[in-house]
Amino acid sequence: MGPINTQIKEFFTVLILFIVSINTATAQEAAKDDTWYVWMDTEVNNSQTRIVSEVFVINCCVKSPKYRKLVKKAGKWIRKNVDESYAGADPLKKIQDEQLAREMMIRTSTRDNVKLVDYSGSCQ
């Protein structure tokens with residue numbers, strides 16, 4: 001009976017370690033999935049000017065209420081600092097590839113009628 005109890009204990013120990021490792025891997029993957037590179041890129045003043053910001057990092061799901069708050073804050077910031085009549089739905093662009101985000105921001109910022117703005121935000 002002794003060797004069987006030892007085998008059962010070893011089995012449950014391995015099972016617990018396996019479950020813990022799966023949970024850890026899942027948590028790390030979820031954290032990676034919630035890392036987004038975001039920048040402001042929208043048209044203002046009746047589409048005569050485009051405003052673009054530097055890329056910043058957020059760590060919340062873009063389908064979450066926290067992200068929706070960030071979008072609302074960005075719209076308020078535009079109305080306060082750039083164009084009082086701004087009514088755009090989502091002034092932010094987002095992607096999970098940092099290099100591509102920076103490349104897209106730079107490509108857009110070199111066009112005509114583009115104003116670079118100092119804006120960044122976070123999910124709260």
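Tutor: The model is a predicted one. Read along the sequence, the protein follows the pattern α-β-β-β-α-β-α-β, made up of three helices and five strands. Of its 124 residues, 27% count as buried. Among contacts between residues at least 6 apart in sequence, 68% join residues at least 24 apart.

Helix H3 covers residues 98–109, which is 12 residues. From its first C-alpha to its last it reaches 17 Å, close to the 16 Å expected at 1.5 Å a residue. The N-terminal end of H3 is capped by Asp-97, which places a side-chain oxygen 3.1 Å from the backbone nitrogen of Gln-99.

The buried residues of H3 are Ala-101, Met-105, Thr-108 and Ser-109. Seen down the helix axis, the buried residues fall within an arc of 100 degrees, so they line one face of H3. An α-helix has 3.6 residues a turn, so residues three or four places apart point the same way. The buried residues of H3 pack against strands S1, S2, S4 and S5.

Strand S1 comprises residues 36–44, and eight of its nine residues are buried, so S1 is largely enclosed by the rest of the structure. S1 pairs with strand S2 (residues 49–53) in the antiparallel sense, over four bridges. The two form a hairpin with four residues between them, and in the turn Asn-45 has a positive phi of about 50 degrees. Within this pairing, Asp-41 has Val-52 of S2 as its bridge partner.

S1 also pairs with strand S3 (residues 56–58), again in the antiparallel sense, over three bridges. Strand S4 (residues 92–95) is joined to S1 by four bridges, and these strands also run antiparallel. Tyr-37 takes part in both of these pairings: it stands opposite Val-57 in S3 and opposite Ile-95 in S4.

The side chains of Arg-50 and Asp-41 are joined by a polar contact of 2.6 Å. Leaving aside residues up to four places away in sequence, Arg-50 touches Asp-41, Thr-42, Glu-43, Thr-108, Arg-111, Asn-113, Val-114 and Lys-115. Thr-108 is one of the buried residues of H3. Arg-50 and Thr-108 are 58 residues apart in sequence, and their C-alpha atoms are 8.9 Å apart in space.

Side chains of opposite charge can pair when their charged atoms come close. With a cut-off of 4 Å between a side-chain nitrogen of Lys or Arg and a carboxyl oxygen of Asp or Glu, the count comes to four salt bridges. Among them is the pair of Arg-102 and Glu-98, whose closest N and O atoms are 3.1 Å apart. Both residues lie in H3, four residues apart, about one turn of the helix. Arg-102 is partly exposed at 32% relative accessibility, and Glu-98 is partly exposed at 34%.

Another of these salt bridges joins the side chains of Arg-107 and Glu-103, at 2.4 Å from N to O. This pair, too, lies in H3 with a separation of four residues, about one turn of the helix. Arg-107 has a relative accessibility of 46% and Glu-103 one of 38%, so Arg-107 and Glu-103 each count as partly exposed.

Lys-94 is partly exposed, with a relative accessible area of 32%, and Asp-90 is partly exposed at 30%.

In summary, H3 has its buried residues along one face, and these pack against S1, S2, S4 and S5.

Conventions:
Residues are numbered from 1 along each chain as its sequence is written. This is a predicted model: local features need pLDDT of at least 70, side-chain atom pairs count only at pLDDT 80 or more; totals for chains, interfaces and linings use all residues. Side-chain values use heavy atoms; hydrogens and water are left out. Buried means under 20% relative accessible area, exposed over 50%, partly exposed in between (1.4 Å probe, protein chains only). Two strands pair if DSSP finds at least two bridges between them. Contact means heavy atoms within 4.5 Å. A polar contact is a pair of N or O atoms within 3.5 Å; within protein, one must be able to donate a hydrogen and the other to accept it, and residues adjacent in sequence count only if both atoms are side-chain atoms. The expected span of a helix is 1.5 Å times one less than its number of residues. The arc is that of the directions from the helix axis to the C-beta atoms.
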